Amino acid sequence: MAAPAVNRYLVVEQALRTAAPHDLLNVARAHLRQLYRADAVDLLMADYALTMLQQVAELPYTSQPIPVNGSVPGQAFGAQQEFVERHADSTVTAYLPVTVRGDRLGVLAVGLPKTPAPDVLAELVTIAQTLGHEIVVAERDTDLYLQARRAARLTLAAEMQWQLLPGRSCKRSEYDLGAQLEPAYAIYGDNFDWSTTAEHLTLTVTNGMGEGIDAALLTNLTINALRNARRAGVPLADQAALADQAVYGQHAGRSHVSVLLLRFELKTGRVEVVDAGSPRMWRQRGNTVEPVTFDAQLPLGMFDDSQYATEEFHVQPGDRLIFVSDGVYDVASPSGERYSERALARAINLTRLLPAAQMPREVLRQLAGHRDTRTVSDDAMVVCLDWHGTRPASSHPLSAQ
């Protein structure tokens, strides 16, 4: 006899938590077939460029990818909303986002004999979320899910950079974050990093120097030096100074790294900033799109014992902040025309209705239409932060208790 409907989710959750890292899909498939009468269960992972959904299959290859644009599973992935596709024989396929704290991993496709009731669909949505959490844990022990994301082979530099990232999107009540790097399979120097606590969000945007492995090694050193300083609890300016010493100590000024380092106070929207190089910030507030400039300081590692200072600004609920590397604003077209501030402002404005997780990919897609693909000499990065602010205590469901 099948388990009671109210317990089905708990049965699947327990099975996923105890499954072998490489066997999550098989375990989910077996239980969904038994408990929900599913006749087909597939896991589709978003590729590094966020243009394809790759089916998890036997290593080392996956089956034919599904484009994000123009497909029903792609619609579920982009909108982060479950979709039920009805077929001619009255069966259906439910496409369920596999997402962990705002980081979009892919889509779980579940074939069912009929349209599920709302409570059943809600259970399946929760199972897809649980599967996402288990995939993140399992990736410490298996290459299966990382390998399934690849529509092409990564360069070694790109392998190093993607492994360094915290994710590609993040969601909290105070903010939404999204970011993307291009060329996704050959990125080498640009990078981003973030970390959150109960009171603060720290965001780092890095514009690496050089090409290939050298650029990736330099960025790895910088990001880990900043993380080491941040985790030691030192102030923002000192984090920059300690990372500066680490880079200079290794390269003696021959190589340096441009960094924009920000620390957001979640309750107030006050932001501390250290501008140590070329990454730039834009702000979209209401109908106004404009660059925001800070006091330029030396890139990390340029000189011995550089000192850094913070400055402040405030974000307001509804603000969208966009951070770009020089591979975005300094790229040339085939005719030699730079991707001007006007063009970048237009791209930001055209993507204003997209969520933060989708906006960077669309801006980079528009950039690709401008870029001279024969002479690509730099990677490109876009990070988008939508600021919601802290809700008043009276709006919290527990505030009246």
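1. Helices (H or I, at least four residues) and strands (E, at least two) are DSSP runs, numbered from the N terminus.

2. Before going on, a word on the source. This is a predicted model, where local features need pLDDT of at least 70 and side-chain atom pairs count only at pLDDT 80 or more, while totals for chains, interfaces and linings use all residues. Residues are numbered from 1 along each chain as its sequence is written, and side-chain values use heavy atoms, with hydrogens and water left out.

3. Which residues of helix 2 are buried? They are Leu24, Leu25, Val27, Ala28, Arg29, Leu32, Leu35 and Tyr36. Buried means under 20% relative accessible area, exposed means over 50%, and partly exposed is in between (1.4 Å probe, protein chains only). The cover over these residues includes helix 1 (8–18), strand 1, strand 6 (103–112), helix 4 (118–138) and helix 5 (144–148).

4. Now look at how helix 2 sits against helix 4. The two pack at an angle of about 165°, with their axes 11 Å apart. Axes are lines fitted to C-alpha atoms, for helices over the stretch in contact, and angles run from 0 to 180 degrees between N-to-C directions. Helix 2 and helix 4 are therefore roughly antiparallel (angles over 145 degrees count as roughly antiparallel, under 35 as roughly parallel, 65 to 115 as roughly perpendicular and the rest as oblique). Contact here means heavy atoms within 4.5 Å.

5. The largest nonpolar core has 38 residues, and those with the most contacts inside it are Leu32, Tyr36, Leu43, Leu96, Leu108, Ile135 and Tyr145. Such a core is a set of buried Ala, Val, Leu, Ile, Met, Phe, Trp, Tyr and Cys residues joined through side-chain atoms within 4.5 Å. Helix 4 gives the most to this core, with 9 residues. A second, separate core of 37 residues includes Ala158, Phe264, Met281 and Leu385.

6. Leaving aside neighbours within four places in sequence, tyrosine 145 is in contact with residues including Pro21, His22, Leu43, Met45, Val56 and Ile135.

7. Threonine 204 belongs to strand 10, residues 200–207. Why does threonine 204 count as buried? Because its relative accessible area is 3%. Not counting residues up to four places away in sequence, threonine 204 touches, among others, Asn191, Phe192, Ile223 and Leu261.

8. Last, the backbone. Most residues other than glycine have a negative phi, and most peptide bonds are trans. Leucine 50 has a phi near 60° and lies in the loop between strand 1 (40–46) and strand 2 (52–55); at 10% relative accessibility, leucine 50 counts as buried. Glutamine 80, with phi near 55°, counts as partly exposed at 29%. Finally, a cis peptide bond joins glutamate 182 and proline 183, with omega about 0°; proline 183 is in the loop between strand 8 (175–182) and strand 9 (191–196).
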